[in-house]
Amino acid sequence: MKFGVIVFPGSNCDHDAFYAIANNLGQPAEFIWHDSTTLGDVDAVILPGGFSYGDYLRCGAIAKFSPVMAAVRKFAADGGLVLGVCNGFQILAEAGLLPGALIRNRGLKFICRELRLSVATTNSPYTSEAQKGQVLRLPIAHGEGCYIADERTLDELEAEDRVAFRYIDNANGSLRHIAGVLNRERNVMGMMPHPERATEPLMGSTDGLVVFQSMLQTTLRSVVLA
Amino acid sequence: MSAAFSPEVIAQHQLTPGEYQKVVDILGRQPTYTELGIFAVMWSEHCSYKSSRVHLKKLPTRGKLVVQGPGENAGIIDIGGGYVIAFKIESHNHPSFIEPLQGAATGVGGILRDIFTMGARPIAVMDSLRFGRLDDSVTGPRNRRILSGVVAGIAHYGNCFGVPTVGGECIFEPCYDGNPLVNVFALGVCRKEDVFYAKAAGVGNPVIYVGARTGRDGIHGASMASAEFTEESKQKRPNVQVGDPFMEKLLLEACIEAMKTGAIVGIQDMGAAGLTCSTCEMGSRGEVGIEIELDRVPQRETGMTPYEVMLSESQERMLLVADKGREDEVFRVFKKWGLEAAEIGIVTNDGKLRVRHHGEIVAEIPNRELADEAPLYNRPYTAPPEATREHVLSAGANVQSALPALLSAPDMCSKRWIWEQYDFQVRTNTLTIPEQTDAAIVRVKETGTSVAMSLDGNGRYTYLSPREGAQLAVAECCRNLSVVGALPVAATNCLNFGNPERPEIMAQLVEAIEGMSDACRFFDTPITGGNVSLYNETLGGGIYPTPVIGIVGLMKTAAPVTIPFKNAGRSVILLGGAGACDDVRFGSTQYAKEIEQQLWGLPPALDLDREKRVQEAIREIVAAGLAESAHDLSDGGLAVALAECCFGPDEIGAQIDLDSDLRPEMLAFHEGPSRILISTAHPKQVAGIAERHGVEAPVVGATIETGMEIRQRGNTLGSWDIAALRAAYEGALEAHVR
C-alpha cells in the first residue's frame, strides 16, 4: 500500500509521517509537492502537521487554495483515504472536507504534551484495528487545536458515529472532547494528536500505529474484495 | 575623497579616536560615511571580540573528533558513521530586553541559520534564560512580561520552523532586572562530506543574495549589543529585527536542496552586521575580494542609502557564492521554494570589499583588515569584586518546611509552563521529556548514535568565584551527560558579562575563561565556538558574571535512563557520598538564597579528579543497565534531587538515612558536586563498579510505595507526602507568572 505525504511550504511533520510509514509501518511512501495537480498512484494521502504557508491569516486558510488540494478533493470524492494530522486537520476543516473548525487552545498557549484519548468508533478506516473505548497515549503539539462546531453539527457527528477519537485529557478545550472526526463518507479523517509520533518504543509510545495499521488493513481488504 | 568626520559622529559610531585613526591608516584616506558605518559595525565588540579575543585564545579548541573549531558559523564534531554535528550557542540579550518576543525569536532564527549555513539540518534547540525576580513589587510585572514574551518568541520561531526545543534552564535574580539573558543553543546534523564553509572562492564567480528583502530594521543591532543600557535604550526598539520563521523554514529547505546541486562554493548567513559581515568575512576567509552593486539587492523599502543597506540586520537572508555557469541550478531551487534570489556581485582577485551604488563606488576596503585586523585590547583587570565571606546561619533550621519552600522557588520549581509551549518532539528524534532526564537526548536516525546535550551556568557561583564557578558549570554539564550514559566530547560557550572597561568586570571575564579552559581541558571537551556578550549592564548595575556552557556527548541510541524511581524495594545509592560542606561553601546554595536570603562565601568545592571518577563510574553503571533511575545532585542538593526522583507517574517514594556529621540543613541542601542518586536492583554490582573507580557509593536507603523521608543517623529530618511536594513543585511557576 502506497502512502503519499503532501508537502506544503511550512509543513514540518512531513518527514515524521514519511518515517512512520516507511520505517515503522513498513509500507512505501512518497512526498507530493504542494503544486502538483495529481496525486499519482497512491492509495492514501496524509496531510502532515506543521505551519503551512506560515499559517498566516489563519491555520490552513491559505493551504486550502494550493493546487494539490484540488487533487485531494477529487481523491476524497472518489473514496480515497485522506488523513489530516494537526495542521493537516486544520487544512481539511478550512477546505470544508471536514466539519467544524480548530481555534486557539482554551489556555491561549501552545501545548506540547502526551495525553490520553479514547477510540470513539471502530467503524472507520482509521480505527478498524482498534477496540472501541481503547485508550491511546498520543502527543499533541499545537496552539490552535480546540475543536468547535455548532450544536447541530456536533449532534449530527455523534448521531452518525463520526467522532473518531475523544480526549480523556482535554487540554485544548475541544467541545465534547472531540480529538478527531470523520466525514460523512468516512474516508476522510482529521485529528489533532500526532499518531506518527507514537509509532516505535523509542518515541515513548506505539499507540499511534493502530491508525496506520487500520488504513493498511482497510486497503488490503478492499483490494481483496475488488 | 572626503573630509574627516567630527568627533561626535565618530563617537556615535562607538569608535574611539584611536580606532578611527586605524581606519584612516588602513584606507590611506578618510573613510566615506558608508565605510565608517561598515568599520563601526565590524569592529563593534559583538562582531570583533576586541576585549575578549586575547583571553579566548586560552580555550582548548582541538580534539580528535573536532572537524571545525572556532572561526566558522558553528563548530563541527565527527560522530562516526560518516556523519557530523554542527552546534553553537549565541546570546540575544539586548534585543530581548527591548522587545522580548521578537528579540528572542530572532535569536533562535540567527543561531538556526548559523547551523544550516554549514549544511547541517537543525535537529535540536535549547535555551538558557535569566530574568529578574517575578515577585518583586516594583520590577516584577515587567520581568513577568519579559519572561512571557521571550518564551512565546522562542516557541513561535522554533515550533513553526520545525526544530524541537528539547531543554534548557531558567534562573531568576535581581541582577537580571533590566538585563535578561537569552542564550540559544542549536545543533544540526549532516553527512561529513556535505559540510559547507563560509568561504568565497573562484575569481569571477557570482555572489548571490537569497531570502527576505532588506529593510531598515536592525540597523546597528550589533553596536547596540555592545553598549550598556540607559533610559534611552527603549527608544531603540526599531533596532530590533522582526522574525519570520516560515521564511526561515523555506530558506532551510531551499539551501539544503541547493547545496546538493554541487553548484554552491561557499555560503554564509546574514546575521549581525548583515550584508557587511557576510561579504567581508567570506572574502577574508577565501583570501579574495568581493564586489557588489547595491541596486541589485532586493529591498523592501525605497530610498535606502548604501549605509542602510550595508548595515541592515533584516532576518532570513543568506549570501552565497556559486560556480560560474551553474547559477541557474541554484536559482531553480530557490524559485521552487518561492524565494527571491539575486546575483548582486562577483568574486574578485584584489582582496577588497567594493560596494557600488548606482555604479559609483561607495566603499572600498581591504577584506582582511576589516574582518580580521579589528582592534585588539588587553584591557586592564584587577580582581573580581569580593563578596562577604562570613554569614551566621539562622538558628532553628527546619528541613521539613525548607524542602517545599525550595521546590516551589522560581529557580527550582518545574519549568513545565515554559517547556510545554515548545514542540520538543517534532522530527521524532527526541528520546527525552524535559525534566525527566539530566540531559536531553536526540537520536540520529541514520547512524544509531544519539547526541546528549546540556546547558549550565550558575551566576551565584561565578559571582563568588569566577574561576571555580566556570569549572563547576563544566563539571555539572559533563555530569548531566554522564548520568544519561553519554560520553562528553565537545563544548560551546556563551560568556555573558558586564562592562569590560571596568577592571573588576574584566577580571571576572578573565578568571571565568581560565577556569572554563582548565575544566574543558580536563574533561577533554574542546570548545568549538561560541559567543561573548559584554556590556550587560543597565543604569550602572552589572549582572552576575554568567558564563553558560553547552556540552554535547555521544552514546548508542537506546531508551534513556530517567530521573524518577520506577519500583519500590530498590536500593537507593548515593554515588559520590554525602559530600563535604562548611559555612563558607554553603553561601552560594539555593538554601542560602531562598531561606537565608543571602549570598556569601564561595561556591561548592570541586575536586576535578574525583568528579571525573564519579562520571566514569556512572557511565559504566548506566551502560551495564544497572541503574533503574539516575539523577545528579545540583541546585537544592540531596533533598531536592530525592524529591525530583519521587515525581514519577507512580510517585514511588524513598526512605533514606545518612551517616554524616554535617548540620541537618547542610546535609539536606548543600550543593557539593560529584554526586548522583541511583536506584538499582543490583546494589552489589553498582558497588563493585564504584569501588573500581575509587568512588564512595553508600546504600543510603530504599525506594518505597509511598512517601519520602530523610533521616540522619536514625533521626528524622523530614517526612513528606509526595503529592503535596509535587503540587508545590509543579504549580509554582504558573503562580509566579500570573
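Q: What makes a residue count as buried in this predicted model?
A: A residue is buried if 20 or more other C-beta atoms lie within 10 Å of its own. In chain B of this predicted model, buried residues make up 63% of the 738 residues.

Q: Why is A:Asp43 called buried?
A: A:Asp43 has 20 C-beta neighbours inside 10 Å. The cut-off is 20 or more, so A:Asp43 counts as buried.

Q: Where does A:Asp43 lie, and which residues does A:Asp43 touch beyond four places away in sequence?
A: A:Asp43 is in the loop between strand E2 (29-33) and strand E3 (44-47) of chain A. Leaving out residues up to four places away in sequence, A:Asp43 touches A:Met1, A:Lys2 and A:Thr219. A:Thr219 is 176 residues from A:Asp43 in sequence, while the C-alpha atoms of the two are 7.6 Å apart in space.

Q: What share of the contacts in chain B with a separation of 6 or more joins residues 24 or more positions apart?
A: Such pairs account for 84% of those contacts in chain B.

Q: Why are H10(B) and H13(B) called roughly antiparallel?
A: The axes of helix H10 (residues 245-260) and helix H13 (residues 327-336) of chain B cross at roughly 155° and come within 9 Å. Angles over 145 degrees count as roughly antiparallel, and H10(B) and H13(B) therefore fall in that class. The contact is made by B:Ala254, B:Glu257 and B:Ala258 of H10(B) with B:Val330, B:Val333 and B:Phe334 of H13(B). By class, these residues are 5 nonpolar, no polar and 1 charged.

Q: How do you know that H3(B) and H11(B) are roughly perpendicular?
A: Helix H3 (residues 33-42) and helix H11 (residues 274-286) of chain B pack at an angle of about 80°, with their axes 10 Å apart. The range for roughly perpendicular is 65 to 115 degrees, so the term applies to H3(B) and H11(B). On the H3(B) side, B:Ile38, B:Val41 and B:Met42 meet B:Thr276, B:Cys277 and B:Cys280 of H11(B). This contact has 5 nonpolar, 1 polar and no charged residues.

How values were computed. Residues numbered from 1 in each chain as written. Chains lettered and ligands numbered in written order. Predicted model: local features only at pLDDT ≥ 70, side-chain atom pairs only at ≥ 80, totals over all residues. Buried ≥ 20, exposed ≤ 12 C-beta atoms within 10 Å, placed from the backbone. Contact = placed C-beta atoms within 7 Å. Axes fitted to C-alpha atoms, helices over the stretch in contact; angles between N-to-C directions. Helix = DSSP H or I, 4+ residues; strand = E, 2+ residues; numbered from the N terminus. Parallel < 35°, antiparallel > 145°, perpendicular 65-115°, else oblique. Nonpolar A, V, L, I, M, F, W, Y, C, P; charged D, E, K, R; others polar.
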